[in-house]
Amino acid sequence: MGKPQFGYWDLRGLGHATRFALAYMGVDYEHVVYIENNEEAGGEKTWAHQKPKLGMDAPNLPYWFDDKVKLTESLAILKYVVRKYKPALMPTDLVQLSKVEQTEGVIADTYSYIFAAAYSGTDKEKERFESETPKKVEILSKCLGDKKFLLGNEMCYLDFVLFEQFSMLTKYRPDLVPKNLQAFVSNLEKIPEIATYISSPTFISSPFFGRTSLAQV
């Protein structure tokens, strides 16, 4: 095949951490964008039409296609492209890797509360968001501490995920974002490769959530 392909909706959602990583690593790829609002009308370019035809083991968005794999699931994609294009972003020390993966679990929990509250709108999910999210944010704030990145002065793959999650929370519930994570987001936005991507025509600044979300950010 030609260029690798990264396919996702026309929103940030679970796709943007990998988009940031690809920009940081300077990977030349085709950005395949599916327009959510076109799905009901149908057509050959919709995800519903293409999904069963693309030959994936676990059809889903986002996806990554290259000459070796057809891969889905956002974290699996992120880890794959990091290992392929810039393996230094993947911790090799067992203790460091274990700590990063522990933090990865906390980020996943936090996302589950955010998405449940944003998409369901039920009182139960809103209450769970209000009670549980601050606890997870406090843990993540302590994991970062006063460091530049999660592991100190050197970036790792999970910095992109943390960056996108707190970019989202900054728009959705800025009152929940502590000062060190505000600074973390600001610092990553200033990294030259990230800043160039943010100013490019392919960058999607919003929405963070899909069209069925009650949270329009």
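These legends walk through a set of close-up views of a predicted model.

Local features here need pLDDT of at least 70, side-chain atom pairs count only at pLDDT 80 or more, and totals for chains, interfaces and linings use all residues. Residues are numbered from 1 along each chain as its sequence is written, and side-chain values use heavy atoms, with hydrogens and water left out.

**View 1. The two annotated spans.** Residues 2-89 are 30% helix and 18% strand, and their end C-alpha atoms lie 25 Å apart. Over residues 93-208 the chain is 72% helix and 0% strand, with 34 Å between the end C-alpha atoms. Helices (H or I, at least four residues) and strands (E, at least two) are DSSP runs, numbered from the N terminus.

View 2. Buried means under 20% relative accessible area, exposed means over 50%, and partly exposed is in between (1.4 Å probe, protein chains only). The buried set is His 16, Ala 17, Thr 18, Arg 19, Phe 20, Ala 21, Leu 22, Tyr 24 and Met 25. These residues pack against strands E1 (5-9), E2 (30-34) and E3 (63-65), and against helices H3 (74-85), H6 and H8 (192-198). Contact means heavy atoms within 4.5 Å. Just after H1, Gly 26 takes a positive phi of about 70°.

**View 3. H1 alongside H3.** The axes of H1 and H3 come within 9 Å and cross at roughly 10°. Axes are lines fitted to C-alpha atoms, for helices over the stretch in contact, and angles run from 0 to 180 degrees between N-to-C directions. H1 and H3 are therefore roughly parallel to each other; the cut-offs are under 35 degrees for roughly parallel, over 145 for roughly antiparallel, 65 to 115 for roughly perpendicular, and oblique for the rest. On the H1 side the contact uses Ala 17, Thr 18, Ala 21, Leu 22 and Met 25, and on the H3 side Ser 74, Ile 77, Leu 78, Val 81, Val 82 and Tyr 85. By class that gives nine nonpolar, two polar and no charged residues. Ala, Val, Leu, Ile, Met, Phe, Trp, Tyr, Cys and Pro count as nonpolar, Asp, Glu, Lys and Arg as charged, and the others, Gly among them, as polar.

**View 4. H4 against H5.** Helices H4 (residues 94-120) and H5 pack at an angle of about 155°, with their axes 9 Å apart. That makes H4 roughly antiparallel to H5. Residues in the contact include Val 106, Ile 107 and Tyr 113 of H4 and Phe 129, Glu 132 and Leu 140 of H5. The contact residues divide into ten nonpolar, five polar and five charged.

**View 5. H5 against H6.** Here H5 (residues 123-144) meets H6 (residues 157-172) at an angle of about 135°, and the axes are 13 Å apart. That makes H5 oblique to H6. Phe 129, Val 137 and Leu 140 in H5 touch Leu 162, Gln 165, Phe 166, Leu 169 and Tyr 172 in H6. Sorted by class, this contact has seven nonpolar, one polar and no charged residues.

View 6. Glu 164 sits in H6 and is buried, at a relative accessible area of 1%. Not counting residues up to four places away in sequence, Glu 164 touches Arg 12, Gly 13, His 16, Ala 17, Phe 20, Tyr 111 and Phe 208. Lys 79, in H3, is buried too, with a relative accessible area of 15%.

View 7. Most residues other than glycine have a negative phi, and most peptide bonds are trans. A cis peptide bond joins Leu 61 and Pro 62, with omega about 0°; Pro 62 is in the loop between H2 (47-50) and E3. Another cis bond joins Ser 206 and Pro 207, with omega about 5°, and Pro 207 lies in the segment after H8. Glu 73 has a positive phi near 80°. Glu 73 is in the loop between strand E4 (70-72) and H3, and is partly exposed, with a relative accessible area of 44%.
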